[in-house]
Amino acid sequence: MTVPQQNGCSANGASSRLLLRGRQLSDSDLQKICDKLPNHVTDIDLSSNSIGDAGVEQLVNALKERKGLKINLSDNNVGDEGLRQLSLLLSLDNIKELDLSMNEITAAGAAHLDLSRAAVAVLNLQGNELGDEGALKIALEITGGHTKLLELDVSNNGIQTTGAAALLTAAANCSLQTLRMDDTEPPLLALGDHIVALSKSGLRSLSLRCIGLTDRHAATLAATLALNPPASSMVLDLRNNGTLGATGRTALQGLSRLKSTIELLL
């Protein structure tokens, strides 16, 4: 199987990027690719294929000696064992960006993450099956500022109030700059207090689409932020909250006009 190369160059001018998105690749196909993978390739897009845990194991074995990796395995069949395999690369500080969105990872897989020892800056777990248990495990990993993680996406994981509250609290005690928690169930009446704390930690972008925000919650949020303006500039994405009416939108829009540190997306 020929290994195509795409944009991005290494120091010797060879392409550092491998783009194999949507090629219907199986685990056996990936093994053949790994056998021929050029040493300079560090940016690998394998999204929208049929790669499972066995294929991930082959990939990990092929990449153990490489640093600064960007790996996109979005929209595959990666499960908990696959994440356990990838955690080996994480522990070796090999991975810089990892996209595992739209796979089959549960809380059991999240237990394998050791972000305190990893160099990964961007982690996308959107569209898996983490639930509250997985959210609590991730929150524990990022608490305390020992992680280098800058961007985290845990949207669409069946995360309810307990897990969402833990993640918001943890994010206020680490180096995260971007947090996406769309389609979760955060503690809506306490949301303003969480946002104030997040702004003090340096978070720059918080996405909370589809969280069931109502006019009552929006009014409470606006009042809290008016009394306690965020300490630094922040983009707050509240789009796609179909439960939010005109009254709530007016309250939030008024806040946006008064407080220049907040950029509201409604």
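Student: How many bridges pair strand β8 with strand β9, and is that parallel or antiparallel?

Tutor: This is a predicted model, and in it β8 (residues 205-207) pairs with β9 (residues 234-237) in the parallel sense, over three bridges.

Student: Which residue stands opposite Leu206 there?

Tutor: That's Leu236, in β9.

Student: Okay, zooming out. How many strands form the sheet, and in what order?

Tutor: Ten strands make an open sheet, running β1-β2-β3-β4-β5-β6-β7-β8-β9-β10, with parallel pairing. β1 (17-19) and β10 (262-265) stand at the edges with a single partner strand each, so one side of each has no neighbour in the sheet. On average, neighbouring strands are turned by 5° against each other, direction ignored.

Student: New topic: which residues have the most contacts inside the largest nonpolar core?

Tutor: Leu73 and Leu206, in a core of 75 residues. Helix α6 (residues 161-171) gives the most to this core, with five residues.

Student: And what does Leu73 touch?

Tutor: Leaving out residues up to four places away in sequence, its contacts include Leu46, Ile51, Val56, Leu59 and Leu100, and also Asp99 and Asn103.

Student: What about Ala135, buried or exposed?

Tutor: Ala135 counts as buried, because its relative accessibility is 0%, and buried means under 20%. You'll find Ala135 in helix α5 (residues 131-142).

Student: Which residues does Ala135 contact?

Tutor: Setting aside neighbours within four places in sequence, Ala135 is in contact with Leu130, Ile159, Gly163 and Leu167.

Definitions and conventions
Residues numbered from 1 in each chain as written. Predicted model: local features only at pLDDT ≥ 70, side-chain atom pairs only at ≥ 80, totals over all residues. Heavy atoms only, no water. Helix = DSSP H or I, 4+ residues; strand = E, 2+ residues; numbered from the N terminus. Buried < 20%, exposed > 50% of the residue type's maximum accessible area, 1.4 Å probe, protein only. Contact = heavy atoms within 4.5 Å. Pairing = 2+ DSSP bridges. Axes fitted to C-alpha atoms, helices over the stretch in contact; angles between N-to-C directions. Core = buried A, V, L, I, M, F, W, Y, C linked by side-chain atoms within 4.5 Å.
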